[in-house]
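Dear colleague,

Please read slowly and look up each residue as you go.

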Amino acid sequence: MEPADQDRRPAAPIGQIGPASAPHPLGPSPRAPEARPRSFNNLTLRLITAAVLVPLVIWVSWKGGWVFVGVVTAFILLGLNEFYGLIIAKGATPLRLLGNLAAVALPVIAYVGDASLATSALTATLLTLMILQLGKQEIREAIASISETFFGVIYVAWLLSYAVSVRFISIELERRFGAPVDPEVGFFYMILCLAAVVCSDAGAYFVGRKYGRRKLAPAISPNKSVEGAIGGVLTGGLMAFVMKLVFVAFVPGELSRDLGWGASLVFGMVLAAFAVVGDLIESVLKRDAALKDAGDLLPGVGGVLDRIDSALLGIPVMYYLLLAYYWTRS
C-alpha cells in the first residue's frame with residue numbers, strides 16, 4: 001500500500017492498535033479456531049449415537065415378535081411427529097391425533113394382517129380426514145390439512161411399516177411361492193438391508209469429504225457430491241456382501257442360504273442408491289421448512305427422521321426386491 005493510502009486511514013481509537021476492522025496480519029481469522037473442534041465433536045457424537053443404536057437394533061431385529069413391532073412403531077411415531085413439526089414450521093396445522101392413530105395401526109396390521117388390510121386402513125384414514133374438514137370454521141386450510149396429515153402417514157408410517165414386512169417375510173414367501181423358508185430368514189434380510197443403508201451414509205460422508213468435487217444436488221444439499229454418492233453406493237454393496245459373509249461364518253443355521261453372493265452385492269448397491277435418494281428427499285422437506293434438522297433427539301444426528309430418512313426408501317425396496325428374487329427362483 002502506498003503512503004498516501006495509509007494517510008487516508010481513519011485514526012484508531014485510543015488503546016486500539018490499527019483499524020478496528022483489520023485482523024492482525026499474523027493472527028488467525030476469527031472463525032478459524034471454531035471450525036475444527038465443531039466438526040470433530042459432531043463426528044464423535046455421531047459415532048457415540050451409532051454405538052448405542054446399532055446393538056439395540058440388532059437385538060430387536062433378532063428378538064422379533066411384538067418387541068420388534070413395538071420398536072418400529074416407536075420410531076414411526078417419533079419420526080411422524082418430527083415431520084409434523086416441519087409442517088407446523090411452514091405455518092400449517094396437521095391433524096396429529098388422527099395421523100398418530102393411523103401410524104400405530106399400520107405396523108400392527110403388517111404383523112397380524114396383510115397388505116389389503118393396510119390399504120383399508122389408509123382408505124379409512126383419508127376418508128376420516130375429509131369428513132373432519134366439514135366441521136371446521138376455517139375451510140381455507142382444508143386442502144393443506146388433508147394433504148399434509150395424510151402425506152405424513154404415507155411418508156413415515158406406511159414406508160417404515162415395511163420393516164415389519166421384511167422381518168417376517170417368511171410367511172409371505174411361503175404363501176406366495178409355496179417353498180419352505182426358514183421362519184427367521186427375515187432377521188438376515190433386515191440386518192443386510194440396514195447395513196447397506198446405514199453404511200452407505202457413512203461411505204458417502206467420508207468419500208465425499210475426501211474426493212467430493214462435483215455437487216450432486218446443490219439446490220437441495222450443497223454438501224453432497226457425486227463422488228460421495230458413488231462411494232455410498234459402493235460401500236452399501238460391500239457391507240451387504242460382508243453381512244452375507246458374517247451370517248455364513250458365525251450365525252447358526254442357513255438363514256443366508258437363499259440369497260447368493262452376487263445377489264447380496266447387487267441388493268446392497270440398489271438399497272444404497274435408494275438410501276441416497278431418501279436422504280435427498282428429507283433434505284428437500286427440511287429446506288422447504290427452513291430447518292437444519294427435523295429434531296434434536298439423537299446427538300450428532302439431529303432427529304429420528306434425520307436418521308431413518310434413508311431407510312424410509314431402502315426398506316420398502318428391500319421387500320419388493322425379495323419378492324422379485326424369490327419369484328425368479330420359483
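The model is predicted, so local features need pLDDT of at least 70 and side-chain atom pairs count only at pLDDT 80 or more, whereas totals for chains, interfaces and linings use all residues. Residues are numbered from 1 along each chain as its sequence is written, and side-chain values use heavy atoms, with hydrogens and water left out.

Two packed helices are described by the angle between their axes and the distance between the axes. Helix 4 (residues 96-112) and helix 6 (residues 142-160) pack at an angle of about 25°, and their axes are 10 Å apart. Here helices are DSSP runs of H or I with at least four residues, numbered from the N terminus, while axes are lines fitted to C-alpha atoms over the stretch in contact, with angles running from 0 to 180 degrees between N-to-C directions. Helix 4 and helix 6 are therefore roughly parallel to each other, a term for angles under 35 degrees. Where they meet (heavy atoms within 4.5 Å), Gly99, Ala102, Ala103 and Leu106 of helix 4 touch Thr149, Val153, Ala157 and Trp158 of helix 6. By class, this contact of helix 4 with helix 6 has six nonpolar, two polar and no charged residues; Ala, Val, Leu, Ile, Met, Phe, Trp, Tyr, Cys and Pro count as nonpolar, Asp, Glu, Lys and Arg as charged, and the others, Gly among them, as polar.

A search of the whole structure finds 13 salt bridges, each being a side-chain nitrogen of Lys or Arg within 4 Å of a carboxyl oxygen of Asp or Glu. One of them joins Glu172 to Arg176, with the closest N and O atoms 2.4 Å apart, and both residues lie in helix 8 (residues 169-177), four residues apart, about one turn of the helix. Glu172 is buried at a relative accessible area of 15%, whereas Arg176 is partly exposed at 47% (buried means under 20%, exposed over 50% and partly exposed in between, with a 1.4 Å probe and protein chains only).

Glu282 and Lys286 form another salt bridge, their closest N and O atoms being 3.6 Å apart. Glu282 counts as buried at 1% relative accessibility, and Lys286 counts as buried at 11%.

Technical notes
Helices (H or I, at least four residues) and strands (E, at least two) are DSSP runs, numbered from the N terminus. Angles under 35 degrees count as roughly parallel, over 145 as roughly antiparallel, 65 to 115 as roughly perpendicular and the rest as oblique.
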